[in-house]
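Dear colleague,

I am handing over the structure below, together with some notes on what turned up in it.

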Amino acid sequence: MSRWIVLALFIIPSLFPMAIASVESQARESNEIMSLHTPSEVIVHRGEMSEVFFTTHNIADSVQTFTANIENVSSGLSITGLPLNYTLVENHLQQLKFNVTASGSSEYGSTFITLNITTDMDSSFVVSQILITIAPQSNLTFGVSGISTFTVEAGSRTSVAVNITNNAILNDNITYDIYSTSTFNWGWTMNETSGNNAFETLVPGQLSYVFVWIDIPEVIDGAPLQGQGPQFTLKAVSGLDRALSQWSFNLIYDSFRNASIDFAEPDLELAPGEDGRLEITLRNTGNVDNRMNLTMQAIDENGDTLNGFAKSDRFENDGWTVALFNGLEDQFLAPNQSRTIEIGFQSPVQYSGSINVRFFVFALGAYERTYSIDVGATIVRERAGEASLSTAGCYDLLPLQSCNSTIEVTNTGNAIDYYSLELLSAPAFVDVSVPSTGIEIANSFSDQFPDITITASNDSIAFENGNVSIAVNFLNSEQLQIINIPVKISPVINWSFENVSEEIDSKGRLSIVMTLRNEGNAFDGLIVQLQSSHSTEMAFIPPFIAIVEEGVEHPRSFEIDDIPIGANFTLRAWVEIPVDQQANGTIWINTTVRSKFSPEIEFIHTSSADYKGIPWQPAAGEDEPLIDFAQIMSTTWLVLKAWSFVILAIFVSSMLLLKANTDRITRKAEEAIKSELYAQKNKAPEQVDDWMGKFSQRSQQPEIESALHVQKEHFEQAFTSRAGVSQPATQPMEPSLRDAAATVLEVHDTANVKMGADELLGTIEQHGIAIPHQANESLEVKSNETDMTTRHDPQQILGEPPVAESVSSVPLPKSIPSAPDLDDLDI
């Protein structure tokens, strides 16, 4: 009989599935003034009372009074706490309860009860169905009570097993679940699982084990710390009465030691002999306080360890020195705490090279987790410099004068360097001496080269200027900078008096003739003055190119411009020797020459002449030669010699003008003949017979007049009277004067041609182009004669004339367009 009772207990719960209680939609739609919330199922054991909670929400705009009552209660159940009246203000809710009790003889099973709610604002019911289940008592017990704690290792999978016993009198279908706030990955080691649940059926008194595996994550950035970890709750839900049994356990981390290299600066670039450091940032990534072990080792460029170098905190190799700084190993780091160490490099004094280092770190107690990073340093030579010029007097050089310039170089590179100078270019009028030895300068220091000497050449001309270009080079001729030294030639004012001649003529005048020569280096002008110690008549005979004050009969001063370098010109002056003095004496004459470029510089020539006082002068009746022919010849010769080039230029110009005038007269004669031919328009045209008769042969011979016979003596006398006495040959004309005369003639000829062209163009502009005479139409067309000489040999004494190729001549135009129809090209 008891078997059938047990079987009924298993079958009855399956006949009453779980139901969800809710307010009917029709009631809600008709009563939008409240809402009701009730549990979907209530479990009740025999002889026990269970509380049922429900919540009412007033969603109306005014206060409501509610009434709660229960209906459809089965015989095995009793309800207490209802009916119930309560009041809610608008938009408020309230939770209420009532009690359900099952009798000790109630049958196992499920039934529905109905909860009705009414309000004073609406008499219709709001109904909720609640499933009441009378279930047998379950009794599941875990083998461990309280909260358990397990220590786990990071990065491992941990298995957890716990026993559970069914102490009830019926078989129990158990559902297992695990709850945790962590994100650890976990799973079941059970026969029957689905999703996050595992299932198992236990008979009364049976003991079973629940197996769970959990993956423990790695310690990241020092978390979780040692002794910390998540809590898991294993839940067992009975299939008899939905009773929940649970067991909680904590998984805490064991100590985990680790380190990391978070940052390293780029490899160093050092100057020769320079030291530098690069930083490396370390971090304790374990979950306990710990110290770091720091070492380094020399490696080659391929990353292979060099022989003979063990791990250490300092070593030397190929002149390099490498050491750790701020790397004390007794410094503790908290989890996820960082520290910075430095690796220092000292480079050798050489212009190239590199070193590579491997840095090692591990947390004490975790040698198997050793980390490394490769760093290094390279020697980088930077060649640089700045050059500056210090010069004096080079912009005011005189011929054969020297100036000195100094170049100072500052080594702005990162190593000692060698510098030299190179002459790139220099003007032709200077000679430059550049030091051939270089200088060695340490970085950040300055030094000077020996002086650069610049000397002006002897034939340098004033105001010539230019730049002397000097290159400052490195040792391998690589150019650093170009320095330009400006140079300029200053003018030298120097005039010399040459061939000074002083004579007293028969008239009692002192004649002064001297040659001035420009010995300077500039095109210069002169201001010439004549001064005397006595008040007497005196004057210059200025050259034709001189500038003389207008209206002065006897100039005592004049100016000349732009006298070339090395050019000569003759200065002439005369001074009347005093004759009205009572005593004998000497007259002093100063010829002062000032440069126009530098008027403060004077060149003075002093002349003197003795004179006799009135008592000592010869009487007027004494025999004196009336004419001094020797003096006249001498003076004439000097004048001709001085003015020879001018006379020659005038003669050549006159001949050219005579030739031009002769050619002009010839052209005028030809034009007159042509005009006379054209003027015969009113005459009757000549008959062909008469015209041809002019060329008929005549038998008589032309009479030859006898030439006039002149005797030789008469011819010479007539020629001499016309041409004058023959003069001796003059000295050859200087090329510069001849060129000047030719230039003058060319300018005059060009001016005459332009003047004639202007007159012709003016006539054409006013009157138009002349129209050919109508008589031109009656002229016979004449064939062109291509021979240079026209032969007139009617007797053919010279033989048959050569047959010339026939050339058709261009006929004269029938009409000439008027001047307005012509353009410049037609003219």
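In these notes, two strands pair if DSSP finds at least two bridges between them, and strands (E, at least two residues) are DSSP runs numbered from the N terminus. With that in hand, Leu516 stands opposite Phe569 in strand 44. Before going further, please note that this is a predicted model, in which local features need pLDDT of at least 70 and side-chain atom pairs count only at pLDDT 80 or more, while totals for chains, interfaces and linings use all residues. Residues are numbered from 1 along each chain as its sequence is written, and side-chain values use heavy atoms, with hydrogens and water left out.

Strand 32 (residues 417-425) and strand 37 pair in the antiparallel sense over six bridges, and the bridge partner of Leu421 in strand 37 is Val472.

Strand 37 (residues 465-474) also holds Asn473, which counts as buried because its relative accessibility is 4% (buried means under 20% relative accessible area, exposed over 50%, and partly exposed in between, with a 1.4 Å probe and protein chains only). The side chains of Asn473 and Glu422 are joined by a polar contact of 2.8 Å; such a contact is a pair of N or O atoms within 3.5 Å, where within protein one must be able to donate a hydrogen and the other to accept it, and residues adjacent in sequence count only if both atoms are side-chain atoms. Leaving aside residues up to four places away in sequence, Asn473 touches Tyr418, Tyr419, Ser420, Glu422, Glu478, Gln479 and Leu480, contact meaning heavy atoms within 4.5 Å.

Turning to the aromatic residues, the structure holds 16 aromatic pairs (rings of Phe, Tyr and Trp, the last by its six-membered ring, pair if their centres lie within 6.5 Å; planes under 30 degrees apart count as stacked, over 60 as edge-to-face and the rest as tilted). One of them is the tilted pair of Phe184 and Phe232, at 6.2 Å centre to centre and with 45° between the planes. This pair links distant parts of the chain, 48 residues apart, with Phe184 in the loop between strand 13 (172-180) and strand 14 (186-188) and Phe232 in strand 18 (residues 231-237). Phe184 counts as buried at 13% relative accessibility, and Phe232 counts as buried at 0%. Ring pairs link Phe150, Phe184, Phe232, Trp247, Phe249 and Tyr253 into a cluster.

There are also charges over rings (NZ of Lys or CZ of Arg within 6 Å of the ring centre and within 35 degrees of the ring normal). The charged end of Arg157 sits over the ring of Trp213, 3.8 Å from its centre, and Arg381 lies over the face of Tyr351, at 3.7 Å from the ring centre.

Most residues other than glycine have a negative phi, and most peptide bonds are trans. The peptide bond from Leu82 to Pro83 is cis, with omega near 0°, and Pro83 is placed in the loop between strand 5 (77-80) and strand 6 (84-88). Another cis peptide bond joins Ala223 and Pro224, with omega about -5°. Asn72, although not a glycine, has a positive phi of about 60°, and Asn72 is exposed, with a relative accessible area of 54%. Ser444, likewise not a glycine, has a positive phi of about 70° and lies in the loop between strand 34 (439-441) and strand 35 (446-448).

Conventions. Helix = DSSP H or I, 4+ residues; strand = E, 2+ residues; numbered from the N terminus.
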